[in-house]
Amino acid sequence: MQRTKRVTEEEIRSYPTPIPRCDAQFNFLYEHRARLSQQLEHANSVLEANASANQLVDVIAAFISSACSAPSVEEDALRARLSEAIIKVDAQRGDAPAGTA
């Protein structure tokens, strides 16, 4: 998620100027960066609280299922990798996939 946020920040920094207030693509990037920041803060707070594996899986599942109207290639790849990892963890535990119960 940090790498995805860095990619988004770089897109914002390199965005051609001047940027009109009504520029939908720039506004999306700006809002997307804010959402990623919130998700990272939440994940970090769970990690710092020495959360259980189930709590960590729930945080990851929430990120995967969070709506993103136009994710980047980087974010799509991250969501795919995380989805595969959760499926493997659930299979090892014999659980239903996280976020589906």
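Asn44 is partly exposed in this predicted model, with a relative accessible area of 31%, and the residue lies in helix H2. The C-alpha atoms of Asn44 and Val59 are 9.9 Å apart, although the two residues are separated by 15 positions along the chain, and Val59 is one of the buried residues of H3. The protein chain that holds these residues has 4 helices and 0 strands, and its order along the sequence is α-α-α-α.

**The chain as a whole**

- When contacts between residues at least 6 apart in sequence are considered, 53% of them join residues that are at least 24 apart.

**Helix H3 and its buried residues**

- Helix H3, which covers residues 53-65, has 13 residues and spans 18 Å from its first C-alpha to its last, close to the 18 Å expected at 1.5 Å a residue.
- Val57, Val59, Ala61 and Phe63 are buried in H3, and the buried residues of this helix pack against both H2 and helix H4, the latter covering residues 73-93.
- Gln55, which is also placed in helix H3, is partly exposed at a relative accessible area of 43%, a value that falls between the 20% and 50% limits and therefore makes the residue neither buried nor exposed.
- Between Gln55 and Ala43 there are 9.8 Å in space, C-alpha to C-alpha, for a separation of 12 residues in sequence.

**The packing of H3 on H4**

- The axes of H3 and H4 are 10 Å apart, and the two helices pack at an angle of about 140 degrees, in a crossing that is left-handed.
- On the H3 side, the residues that meet H4 are Asn54, Val57, Ile60, Ala61, Phe63, Ile64 and Ser65, and three of the names in that group, Val57, Ala61 and Phe63, are also among the buried residues of H3.
- On the H4 side, the residues that meet H3 are Glu75, Leu78, Arg79, Leu82, Ser83, Ile86, Val89 and Arg93.
- Glu75, located in helix H4, has a relative accessible area of 1% and is therefore buried, the cut-off being under 20%.
- The side chain of Glu75 makes a polar contact with the side chain of Arg79, at 2.4 Å, and both of these residues belong to the set in H4 that meets H3.

**Backbone features in the loops**

- The peptide bond from Thr17 to Pro18 is cis, with omega near -5 degrees, and Pro18 lies in the loop that runs between helix H1 (2-13) and helix H2 (24-48).
- Asn50 is not a glycine, yet its phi is positive, at about 50 degrees, and the residue is placed in the loop between H2 and H3.
- With a relative accessible area of 70%, Asn50 is exposed, because this value is over the 50% cut-off.

**Helix H2 and the residue Gln25**

- Gln25 is found in helix H2, and its relative accessibility of 51% is over the 50% cut-off, so the residue counts as exposed.
- From Gln25 to Tyr15 the C-alpha to C-alpha distance is 9.7 Å, with the two residues 10 apart in sequence.
- Asn44, which like Gln25 is in helix H2, counts instead as partly exposed, because its 31% lies between the 20% and 50% limits.

Definitions and conventions. Residues numbered from 1 in each chain as written. Predicted model: local features only at pLDDT ≥ 70, side-chain atom pairs only at ≥ 80, totals over all residues. Heavy atoms only, no water. Buried < 20%, exposed > 50% of the residue type's maximum accessible area, 1.4 Å probe, protein only. Expected span 1.5 Å × (residues − 1). Contact = heavy atoms within 4.5 Å. Polar contact = N/O pair within 3.5 Å; in protein donor to acceptor, adjacent residues only side chain to side chain. Axes fitted to C-alpha atoms, helices over the stretch in contact; angles between N-to-C directions. Left-handed = near helix turned anticlockwise from the far one by under 90°.
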